[in-house]
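Please read the following briefing alongside the sequence and the three-dimensional structure.

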Amino acid sequence: MKYFSKDNSERPHLQKTLSLWNLFTIAFGAIVGTSWTLLVGNWMVLGGGPLPSMYAFLLATIILVPIGSAFSELASAIPVAGGAAVHAFRAFGEKPAFLCGWFLLLSNALICPWEAIVISSLLSDQVAAFPAFAWLRSIKLYSVMHTDIYLWPVLISAGFCLWVIRSNLRGVQSEARLSAFLVKPLLLGMALTLSITLFAGSANNTLPTFVPVSTSALGSTSAQNLPEGVIAVLAIAPFYYAGFDTITIHAGEAARGINWSKFGKVISLAILAAGCFYLVSIYSFGTLMPWREFIQSPSPALSTLKQLNIFAYAIMIGVMIFGSLGPMNAFLGASSRIAYGLARHHQLPSCLMHLNDTGNVPDVACYILAGVTVAGPLLGHDILTPLATVASAGFIFSCVAASFSCLKLRFSEPDLARPYKVPGGMVGISIACINSLILLFFIVMPGVPSSLTASNWLVLLLWTCLGYTLHRHTHRGGFTEQSSEDAELVIDAEIRKR
């Protein structure tokens with residue numbers, strides 16, 4: 001059994017094999033997923049049209065690039081498993097580091113069962129509508145909060161989950177290959193949407209630019225003018241970029257000899273690529289028919305494609321099923337590395353830093369996450385919905401921690417080797433800090449569409465109490481300077497300066 005110990009002469013280590021392309025595909029697949037299809041109608045309703053939604057996602061991309069650069073500077077300088085938690089330790093000490101890692105773990109882990117539910121819902125709601133697949137709804141298990149749970153969609157979803165879990169357990173290269181494969185259906189889906197847009201779409205369908213709307217399926221617009229519509233969507237848009245930080249969490253597995261200067265640019269490229277993907281998606285679906293007609297369906301993107309071309313509709317369902325696996329794959333790997341990093345520094349039970357023999361991955365953490373993931377479809381969509389905002393909060397907390405850690409370390413460790421530096425130096429880092437506080441404002445300010453509700457705060461409180469209990473039970477001295485730069489994860493400073 002491979003456990004890390006300060007007394008071990010032979011320390012087990014994660015594999016160092018990830019290329020820049022591997023890191024990019026993992027992050028891009030984690031960010032995009034299926035929200036560009038499932039939620040595009042919600043964004044239009046909230047903003048009062050496709051154009052306000054596009055403006056909001058453009059602004060979100062601009063806001064997140066400096067924050068991503070702060071993550072990049074930290075990861076290239078301190079390339080260890082655990083990402084933001086270790087960086088927060090170097091800057092602010094043990095307790096802030098643990099809180100950062102603990103909330104980041106919650107944020108990443110919740111995505112896995114959520115994506116499993118998406119697959120199950122697509123099978124029971126969309127695929128089962130085809131006469132040939134009506135058997136998918138032949139065996140009803142029970143209902144949870146008005147959601148019917150069917151046996152076959154649950155089993156098929158579990159099968160997809162087990163495929164992803166098996167891939168993760170075989171090693172980080174297997175995870176990376178799966179990510180690269182899962183990016184292709186996303187590109188196919190976007191190419192398909194663009195092709196239909198060229199033949200059946202019209203830019204006039206995006207007009208009027210802004211108008212408040214109310215639908216029985218997707219809610220109503222609370223904004224009264226264009227700027228308010230843009231801000232309403234901007235409040236939630238950054239959450240759909242969660243996943244770029246998987247690059248920093250996997251930094252300890254970057255290939256030896258990797259160009260760390262170029263590594264620092266991968267996060268920004270992933271954010272920009274995802275931003276372009278979202279903009280094209282919103283525009284494409286917004287032009288297929290007058291957008292006020294488009295939003296009348298509970299699943300407007302799929303309903304519109306079904307009306308226009310049944311074959312395109314069937315292909316898009318397949319794209320969405322495989323698209324759900326991208327975030328699941330990336331966040332399963334990232335969550336296990338966060339747990340591994342915290343356990344390695346005696347913040348969580350030591351069993352979480354056990355590495356298997358086949359792939360040198362934290363298998364105990366993977367098995368726990370696998371159980372949570374497979375159980376997702378059994379719980380139903382409505383039970384996990386309140387947790388989605390909580391997951392967003394964990395992501396925003398890590399953005400704040402990374403931005404201010406980057407700023408603090410510029411003062412406390414000015415001689416730290418930084419192969420990649422935030423463009424603009426201290427000004428760029430300051431912008432990242434301000435932008436992260438803007439995102440924090442969106443989740444803590446009451447009345448904002450993305451703000452935490454009382455139940456969300458309760459979940460965060462309970463999660464904090466659980467973390468405190470585990471930490472106190474397993475803590476044996478916490479982080480030390482030696483353990484935060486484990487021999488198997490540190491790259492020679494002179495090499496990283498190149």
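Val172 has its place in helix H8, which covers residues 172-200; helices (H or I, at least four residues) and strands (E, at least two) are DSSP runs numbered from the N terminus. The model is predicted, so that local features need pLDDT of at least 70 and side-chain atom pairs count only at pLDDT 80 or more, while totals for chains, interfaces and linings use all residues. Residues are numbered from 1 along each chain as its sequence is written, and side-chain values use heavy atoms, with hydrogens and water left out.

- Val172 counts as buried because its relative accessibility is 0%, where buried means under 20% relative accessible area, exposed over 50% and partly exposed in between, with a 1.4 Å probe and protein chains only.
- Apart from neighbours within four places in sequence, Val172 is in contact (heavy atoms within 4.5 Å) with Gln15, Thr17, Leu18, His250, Glu253, Arg337 and Val361.
- The C-alpha atoms of Val172 and Ala254 are 10.0 Å apart, although 82 residues separate the two along the chain.

**Salt bridges**
- The whole structure holds five salt bridges, each being a side-chain nitrogen of Lys or Arg within 4 Å of a carboxyl oxygen of Asp or Glu.
- Arg410 and Glu73 meet through their side chains at 2.9 Å, N to O, and this pair links helix H16 (residues 381-412) with helix H4 (residues 50-77) across 337 residues.
- Glu73 also meets Arg418 at 3.2 Å, N to O, a pair that links H4 with the loop between H16 and helix H17 (426-444), 345 residues apart.
- Glu73, Arg410 and Arg418 are thus linked in a network of salt bridges, in which Glu73 counts as buried at 2% relative accessibility and Arg418 counts as buried at 10%, while Arg410 is buried as well.
- Asp148 forms a salt bridge with Lys140, with the closest N and O atoms 3.1 Å apart; here Asp148 is partly exposed at 34% relative accessibility, and Lys140 is partly exposed at 47%.

**Aromatic pairs**
- A search of the whole structure finds 26 aromatic pairs, meaning rings of Phe, Tyr and Trp (its six-membered ring) with centres within 6.5 Å, where planes under 30 degrees apart count as stacked, over 60 as edge-to-face and the rest as tilted.
- The rings of Phe130 and Tyr313 form a tilted pair, because their centres are 5.7 Å apart and their planes stand at 35°.
- Phe130 lies in the loop between helix H6 (94-125) and E1 and Tyr313 in helix H14 (residues 310-344), so this pair ties together parts 183 residues apart in sequence.
- Phe160 and Phe322 pair edge-to-face, with 6.1 Å from centre to centre and 80° between the planes; Phe160 lies in helix H7 and Phe322 in helix H14, so parts 162 residues apart in sequence are tied together.
- Ring pairs also link Trp21, Phe24, Phe28, Trp36, Phe277, Phe285 and Phe294 into a cluster.

**Nonpolar core**
- The largest nonpolar core has 160 residues, and those with the most contacts inside it are Trp36, Phe57, Tyr241, Phe244 and Phe285; such a core is a set of buried Ala, Val, Leu, Ile, Met, Phe, Trp, Tyr and Cys residues joined through side-chain atoms within 4.5 Å.
- H14 gives the most to this core, with 18 residues.
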